[in-house]
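Me: Please take a close look at a single part of this structure. Then set that part in its wider context, in one connected account.

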Amino acid sequence: MTQPVLSVRNLRVEFPTRRARLVAIDDVSFDILPGEVLGMVGESGAGKSVTGTAIVGLIEPPGRIAGGEIFLSGVRIDNLDPPAMRRIRGKRIGMVFQDPLTSLDPLYRIGEQLTETIATHSDLRGAALRERAIALLSEVGIPAPAHRFDNYPHQFSGGMRQRVVLALALAADPELVIADEPTTALDVSVQAQIIELMKRLARRHRAAILLITHDMGVIAEAADRVAVMYAGRIVEIGPVRDVVSAPLHPYTRGLMGSIPKLDGGLDRLVQIPGSMPRLTAIPPGCPFHPRCPRVFAPCPMHRPELRPHAKAQVACWLYHPAPSAQSEKPATLAGPP
Amino acid sequence: MTVAPAAPLVRAENLGRIFDVSSPWLTRVLEGLPRQVVVAVADMSFEIARKETLALVGESGSGKSTVAKMVVGLVPPTTGEVFIDAMPMHGRRRGAERRRLRRRIQMVFQDPYASLNPRWRALDIVAEPIRAFQLAASRPETAARVGELLRLVGLDPADGGKYPHQFSGGQRQRIAIARALASEPAFVVCDEPTSALDVSVQAQILNLMRDLQDRFGLTYLFISHNLAVVRHMAHRIGVMYLGRLVEIAAADALFRAPRHPYTRMLLDAVPDLEMSGRQRKPVEGEVPDPVDPPKGCSFHPRCPFADDRCKTERPALVAWNAAGPVACHAVEEGRI
């Protein structure tokens, strides 16, 4: 069996505040294989970005990883000291964020930033270094890379800047790339280009990609598997095709139904009542139960674990024998809610 | 052209807006720089019938928000005019007439964090149009009306005493909608009303806007970059590129048979949720710099059908057949 590039086990992230200890990530586990794109989808506050931040060890204190383990190619990384973690970031884990201007220094030429990154993580120097940087720019689709090498970030358009950021993330040939909303700030035509590019690069470099986004369309286009997050937990994880076309968890179903579709016509959209709970008031049991159309006896009491069902894994009592209320389990499991 | 059965509520005629983006005068003189202008919007003509939703879609820099601002009177047009019920929006009028017109037009903005005064309570925000247009005779009547409006948009009137920061993004957009409805408008301009919201909240707001349209017979101008959202909201759709309409058609027709190459490209670029496995045409290039737009048809550098005529002559927005107007030489010549 192939060893996963990234293994997250029972991750828990807490942010202590004066009033309470907020649990942003609660018992999250997943793997990503080499060359695989795992999409992580959820609405604001679901904990998707915190997951990415925890993996690269950049949780702002007093926030901290309060439990669980993170393995990069089999080696535990969540307990490394800051200098050791710094050597991993950029070299073994590349990062791409929503706004390319937060990753690029406006005062330095693109080429300088790229060569600096490559030099930090390799022995290349001089002409070979420059050559490698130009090759990277060309690989991410920057036209006339030798000429653009000496341009500043403001001379690039939004889509071109995100390409440069991709080049930076790939500079050290990382095993894992964490892309947090990489296409959200881009126009739809440019977004399509960046998605294509990311897919191609993942395949060619055999890098694993954690693609964090709120946009199910981007996930459907780019990811192999998808993890759906709600209130700091993964409620469903499985192959994209299965989760998108036959979602299991009532939250995933609601989410899919609320997305406007191109062939939808003037129909009403499916609505999930209410809104995501605040971290200060996550309901007991299944965190989705107050909004769930199919809530029944065990939901407010017992928290469902993520367990296999069909090709996916789902955390919902509809699919697993509930601890005390088995008789109340509805007869129909599948079918639209 | 025959006379339409009912006069449209909104009519824009040759609407255009130029922004001066030159460097300051002294810099220009010292460095010998020319004046620079951006043609944000040019030659925009459209009509919106009563109870109809017209959507304008386009990517950043296409000028759709500038059109919205001109239609509500927040930005004066450089050329052209907007008529609401045949009354000119920007022409010189006396105060009372202007107020009457303004009351009938409202706007919902993209960012509910920026469009609500953080120091006002929700009920004061919603009451302001009622006070400004003197639509209620007394304080209790105003309060009753505010309560009614908050209920209408799905908020608890008891929460009216809260400040905007105590509401979620979706709830804030509901307050913004309640405020827009407070003056009993006929026409509401919505500029990306759900772009800042999560998708499940977006569904709630879009459904609410549809319900309100049915209930009050509202006419919407709906601005969005999201084609799928537009599909759920609009009866007719205008596609904008670099400040100009390139195609305008009934929503069904536009999605079934897009004609302008740019419309085709946009539809092709939308991520495919159905995962039909359709082969997508790779999208070429990006929107050019509006300060220096391409000559001829501004889409020609990205267009797979462009020929020499496209590079020199700007196509006019003309209805070449029954499907509606398209600004494209290739469509006119029957090449595509």
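Reply: In helix 2 of chain B, the residues that count as buried are Lys64(B), Ser65(B), Thr66(B), Val67(B), Ala68(B), Met70(B), Val71(B) and Val72(B). Here, a residue is buried if 20 or more other C-beta atoms, placed from the backbone, lie within 10 Å of its own, exposed if 12 or fewer do, and partly exposed in between. Helices (H or I, at least four residues) and strands (E, at least two) are DSSP runs numbered from the N terminus.

The model is a predicted one, in which local features need pLDDT of at least 70 and side-chain atom pairs count only at pLDDT 80 or more, while totals for chains, interfaces and linings use all residues. Residues are numbered from 1 along each chain as its sequence is written, and chains are lettered from A and ligands numbered from 1 in the order in which they are written.

Helix 2 of chain B spans residues 64–72 and is mostly covered, with eight of its nine residues buried. After this helix comes Gly73(B), with a positive phi near 90°. Just after helix 1 of chain A, Gly57(A) adopts a positive phi of about 70°.

The confidence values provide the background. Chain B has a mean pLDDT (the predictor's confidence in each residue, from 0 to 100) of 89, and 95% of its residues reach 70 or more. For chain A the mean pLDDT is 89, again with 95% of residues at 70 or more. Over residues 325–337 of chain A, however, pLDDT stays under 50. For the complex, the predictor gives an ipTM of 0.79 and a pTM of 0.85.

The two chains meet where 34 residues of chain A are in contact with 33 residues of chain B; contact requires C-beta atoms, placed from the backbone, within 7 Å. Helix 8 of chain A supplies the largest share of the chain A side, six residues. That side holds 15 nonpolar, twelve polar and seven charged residues. In this classification Ala, Val, Leu, Ile, Met, Phe, Trp, Tyr, Cys and Pro are nonpolar, Asp, Glu, Lys and Arg are charged, and the others, Gly among them, are polar.

The largest nonpolar core has 192 residues, and Leu210(A), Leu211(A) and Val126(B) touch the most other members. Such a core is a set of buried Ala, Val, Leu, Ile, Met, Phe, Trp, Tyr and Cys residues joined through C-beta atoms within 7 Å. Helix 7 of chain A, residues 158–170, gives the largest share, eight residues. Domain 1 (32–48 + 79–225) and domain 2 (236–260 + 269–328) of chain A both contribute, so the core lies between them; these bounds come from an automatic or database domain assignment. In chain B, Val126(B) touches residues including Val146(B), Leu149(B), Leu150(B) and Ile175(B), leaving aside residues up to four places away in sequence.

The C-alpha centres of domain 1 and domain 2 of chain A are 33 Å apart. Ten residues of domain 1 of chain A are in contact with nine residues of domain 2 of chain A. Helix 9 of chain A, residues 216–222, gives the most to the domain 1 side, with three residues.
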